[in-house]
Amino acid sequence: MAYLDHNATSPLRPQAHAAMERALGLQANASSVHRAGRSARALIEEARAEVARLAGASAEQIVFTSCGSEANALALWGAVERTRESGPPVGYLCVSAMEHDSVLRTAAQIVDRIPGLRIVVIPVGRDGAVDIEWLRIFLDSADARTLVAVMAANNETGIIQPVGEVIDMVREADGLCLVDAVQSCGKFASDFAADYLTFSAHKLGGPQGAGALVIKEGAPFRAQLVGGGQETYRRAGTENVAGIAGFGAAAKVCRGDDLSRLSRLRDGFEAELRFRFPECVIFGEDVARLPNTSNFALPGLPAETALIALDLDGVMVSSGAACSSGKVRASHVLEAMSVRPEIARCALRVSLGWNSDEADMDVALVSLEKLAARMAARRAA
Ligand code: PLP
């Protein structure tokens, strides 16, 4: 077995598992004043401090959510609605063409429901980076406040985005900035000074079902889920204590990850790919990428075929974003990078994590080689 799909979900780290077991043993509501309730509260606050450290934020700026998608939606809706109450109101939602669907579809939903609000898409270059010059020109000429959403690193290609520059530009234009750091967290410093920053526990070896929105001081925000006073009235609902505790533990451990080990494994894998399949196309090979991600195409080998064959050999990878797996559709990320459709259809994503090793890479390479040989024999017959 070789699990190489950490960008979809990174398996639960033992430390996160242990923290969750401890929390599950408590069986108390963190809002209760008795000792069991206070213990649950303490676990949440411990986790909040760890996530804040990851975000370069203060603990009060962290709002726990159910996932990264919710955090993205909460930032977008929260900013738009609040600025309509006490302006200047957001007039443009400016999203990069390669954002995760939770940003793209929420932005479309908001524009559908709020008259006068417009959506603008920042183009992506062939190098997989957002077009900064395009954004500069747009912000200079925009006739209304703009909320810009750019991810820190792309989930499919791993390509790192120039978010520092984006944040500076947006600030100068009196706009607002959301940085989706769901994929970058734990893989490179994600303490961005954006107005809104989002994380997801299961991408760094925490559990599924926990995420966080970081709201920087002064950033406009309106709660979407109201009821109890949890998360200081910014997100109502009894907290997922075990999920949050697991998130905190994963956030703590990931600081000690040896990321150069991952990039060595990934680079070795890609060197073998180039050697065994000279025709392979590796997306983003010449630009800054997450150390754990390899997105490549073996022309003529459709991704659906490869996924099934690899799975039969016990190799688990993706053909794009996990959220869209099961649907045969071209990757909007590769499309935004102007990758030819016949190449994009062959794109496979291998993503490593805390428990990946050399043996995983070997199993994947052997399986790919077997498959390519079978395809070649079929074509020759
Ligand atoms: N943003 C990015 C960049 C992602 O890759 C994902 C998940 O793949 C999400 C947001 C959504 O996170 P979650 O699965 O926690 O909803």
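The structure holds 5 aromatic pairs. Rings of Phe, Tyr and Trp, the last by its six-membered ring, pair if their centres lie within 6.5 Å; planes under 30 degrees apart are stacked, over 60 edge-to-face, and the rest tilted. A pair of aromatic rings is described by the distance of the centres and the angle of the planes.

Helices and strands here are DSSP runs numbered from the N terminus, with at least four residues of H or I for a helix and at least two of E for a strand.

Phenylalanine 64 has 3% relative accessibility, so it counts as buried. Phenylalanine 247 has 0% and therefore counts as buried.

Next, tyrosine 92 and phenylalanine 138: their ring centres are 5.2 Å apart and their planes are at 85°, so the pair is edge-to-face. Tyrosine 92 is in strand 3 (residues 90–96) and phenylalanine 138 in helix 5 (residues 132–141), 46 residues apart, and the pair links distant parts of the chain. Both tyrosine 92 and phenylalanine 138 are buried. Ring pairs also bring in Trp134, giving a cluster of Tyr92, Trp134 and Phe138.

A word on the source. This is a predicted model, in which local features need pLDDT of at least 70 and side-chain atom pairs count only at pLDDT 80 or more, while totals for chains, interfaces and linings use all residues. Residues are numbered from 1 along each chain as its sequence is written, and side-chain values use heavy atoms, with hydrogens and water left out.

Now the ligand. Which residues are the closest to the ligand? Of the 15 residues that surround the ligand, the closest are Gly68, Ser69, Asp180, Ser200 and Lys203; a residue belongs here if one of its heavy atoms lies within 4 Å of the ligand. Helix 3 (residues 68–85) gives the most to this shell, with 3 residues. By type, the shell has 4 nonpolar, 9 polar and 2 charged residues. In that count Ala, Val, Leu, Ile, Met, Phe, Trp, Tyr, Cys and Pro are nonpolar, Asp, Glu, Lys and Arg are charged, and the others, Gly among them, are polar.

For serine 69 the distance is 2.6 Å. For serine 200, a polar side-chain atom lies 2.6 Å from an oxygen atom of the ligand. For lysine 203 the distance is 2.7 Å. Taken alone the ligand exposes 390 Å², and the protein buries 93% of that; these areas come from the Shrake-Rupley method with a 1.4 Å probe, and for residues only the protein chains shown count as cover.

Serine 10 is in the loop between strand 1 (2–3) and helix 1 (14–24). Serine 10 counts as buried because its relative accessibility is 4%. Its side chain makes a polar contact of 2.7 Å with the side chain of histidine 6. A polar contact is a pair of N or O atoms within 3.5 Å; within protein, one must be able to donate a hydrogen and the other to accept it, and residues adjacent in sequence count only if both atoms are side-chain atoms. Leaving aside neighbours within four places in sequence, serine 10 is in contact (heavy atoms within 4.5 Å) with residues including His202, Lys203 and Trp354.

Leucine 262 is found in helix 9 (residues 259–276). Its relative accessible area is 8%, so leucine 262 is buried. Beyond residues up to four places away in sequence, leucine 262 touches Pro291, Asn292, Leu352 and Gly353.

Aspartate 357 lies in the loop between strand 12 (347–351) and helix 13 (358–380). With a relative accessible area of 36%, aspartate 357 is partly exposed. From serine 69, aspartate 357 is 288 residues away in sequence and 30 Å in space, C-alpha to C-alpha.

Last, the backbone. A cis peptide bond, with omega about 0°, joins glycine 87 and proline 88. Proline 88 is in the loop between helix 3 and strand 3.

Technical notes: Buried < 20%, exposed > 50% of the residue type's maximum accessible area, 1.4 Å probe, protein only.
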